[in-house]
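Trainee: Can you go through the charged pairs and the pocket with me?
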Amino acid sequence: KSELEQPVRIEADGVPIDTGKDIGHPGPLVLDYDNDGLQDLLVSAFRGNIRFFKNVGTRRNPKFQEGKPLAAGGEPIRIHNW
């Protein structure tokens, strides 16, 4: 008998977050990225792309906006893992 809850797909703007176009293998990180007191979501993918999903909900009921690529110097940040 499992004591774990059933998995839930995390959504942004009402659509499940999908890293398939980046070959999948998501690496999620939950943190208050923009220092507004709410837990945001960063998701990396196999190709090294990293997207920022801003929490526009609450701490108890987070709601995420569609992810924007993280950038530095006007270029998307890519951290290759191979």
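This is a predicted model: local features need pLDDT of at least 70, side-chain atom pairs count only at pLDDT 80 or more; totals for chains, interfaces and linings use all residues.

Trainee: Start with Asp34. Which residue does Asp34 form a salt bridge with?

Mentor: Asp34 pairs with Lys54, and the closest N and O atoms are 2.6 Å apart. The pair links distant parts of the chain, 20 residues apart. Asp34 is in the loop between strand E3 (27-31) and strand E4 (40-44), and Lys54 is in the loop between strand E5 (50-53) and strand E6 (68-69).

Trainee: Is Lys54 buried or partly exposed?

Mentor: Lys54 is partly exposed, because its relative accessible area is 25% and buried means under 20%. Asp34, at 27%, also counts as partly exposed.

Trainee: And Asp36, which residue does the side chain of Asp36 meet in a salt bridge?

Mentor: The side chain of Asp36 meets Lys54, at 2.8 Å from N to O. Asp36 lies in the loop between E3 and E4 and Lys54 in the loop between E5 and E6, so this pair ties together parts 18 residues apart in sequence. Asp36 has a relative accessible area of 36%, which makes it partly exposed.

Trainee: What about Glu66, what does Glu66 form a salt bridge with?

Mentor: Glu66 forms one with Arg51, with 2.9 Å between the closest N and O atoms. Glu66 is in the loop between E5 and E6 while Arg51 is in strand E5, so parts 15 residues apart in sequence are tied together.

Trainee: Is Arg51 buried or exposed?

Mentor: Arg51 is buried, with a relative accessible area of 10%. Glu66 is partly exposed at 37%.

Trainee: Which residues do salt bridges with shared partners join into one network?

Mentor: Asp34, Asp36 and Lys54 are joined into one network that way.

Trainee: New topic. How much space lies in the largest pocket?

Mentor: The largest pocket holds about 150 Å³ of space.

Trainee: Which residues line the largest pocket?

Mentor: The lining consists of Ile10, Ile17, Asp18, Thr19, Pro26, Pro28, Leu41 and Val43.

Trainee: How do the residues of that lining divide into nonpolar, polar and charged?

Mentor: They divide into 6 nonpolar, 1 polar and 1 charged.

Trainee: Back to the pairs for a second. What can side chains of opposite charge do when their charged atoms come close?

Mentor: They can pair. Here, Asp34 and Lys54 are one such case, forming a salt bridge at 2.6 Å.

Conventions. Residues are numbered from 1 along each chain as its sequence is written. Side-chain values use heavy atoms; hydrogens and water are left out. A salt bridge is a side-chain nitrogen of Lys or Arg within 4 Å of a carboxyl oxygen of Asp or Glu. Helices (H or I, at least four residues) and strands (E, at least two) are DSSP runs, numbered from the N terminus. Buried means under 20% relative accessible area, exposed over 50%, partly exposed in between (1.4 Å probe, protein chains only). On a 1 Å grid over the protein atoms alone, a cavity is a set of points where a 1.4 Å probe fits but cannot get out, and a pocket is an open set with protein on both sides within 12 Å along at least five of seven lines; lining residues have an atom within 4 Å of a point. Grid points are joined across faces, edges and corners, and a volume is the space filled by probe spheres set on the points. Ala, Val, Leu, Ile, Met, Phe, Trp, Tyr, Cys and Pro count as nonpolar, Asp, Glu, Lys and Arg as charged, and the others, Gly among them, as polar.
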